[in-house]
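Subject: Structure handover

Hello,

Here is the structure for your files. My notes on it follow below.

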Amino acid sequence: MSVQDYISSGIIEDYCLGLLSGEESQQVAEYASIMPDVKALIDEYENALLKYAAENAAAIAGRSREKILSSIHNITLENT
């Protein structure tokens, strides 16, 4: 399989979304370490996902935000 066929298969997107098995993920990571094109596409897709998430994140209402942060703080203190 050529690099272009590999990329066109959709495996990069599945890798970034965590949809692959452990073995498949390991294979993609190995390819990324030896194929700059694969690594660049992974980085590009991950950045696009992060941008999308940031642009579409729901705002948390004032008191709810305070309660959530307080709960996280309390859990953190309990686990230290």
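**Surface patch, core and ring pair**

Ile60, Ile68, Leu69 and Ile72 make a nonpolar surface patch of about 350 Å². Patch residues have over 30% relative accessible area and no salt bridge, with nonpolar side chains joined within 5 Å. A salt bridge here is a side-chain nitrogen of Lys or Arg within 4 Å of a carboxyl oxygen of Asp or Glu. Areas are Shrake-Rupley with a 1.4 Å probe.

The model is predicted: local features need pLDDT of at least 70, side-chain atom pairs count only at pLDDT 80 or more, and totals for chains, interfaces and linings use all residues. Numbering runs from 1 along each chain as its sequence is written, and side-chain values use heavy atoms, with hydrogens and water left out.

Ile60 sits in the loop between H4 and helix H5 (62–78). Its relative accessibility is 44%, so Ile60 counts as partly exposed (buried is under 20%, exposed over 50%, partly exposed in between).

The largest nonpolar core has ten residues, among them Tyr6, Ile7 and Val38. Core members are buried and joined through side-chain atoms within 4.5 Å. H2 gives the most, with three residues. Helices are DSSP runs (H or I) of at least four residues.

There is one aromatic pair. Tyr6 and Tyr31 have ring centres 4.7 Å apart and planes at 80°, so the pair is edge-to-face (centres within 6.5 Å; planes over 60 degrees apart). Tyr6 is in helix H1 and Tyr31 in helix H3, so the pair ties together parts 25 residues apart in sequence. Tyr6 is buried at 8% relative accessibility. Tyr31 is partly exposed at 26%.

Best wishes

Technical notes. Buried means under 20% relative accessible area, exposed over 50%, partly exposed in between (1.4 Å probe, protein chains only). Helices (H or I, at least four residues) and strands (E, at least two) are DSSP runs, numbered from the N terminus. Patches are made of residues with over 30% relative accessible area and no salt bridge: like charges are joined within 9 Å, nonpolar side chains (Val, Leu, Ile, Met, Phe, Trp, Tyr) within 5 Å. Rings of Phe, Tyr and Trp (its six-membered ring) pair if their centres lie within 6.5 Å; planes under 30 degrees apart count as stacked, over 60 as edge-to-face and the rest as tilted.
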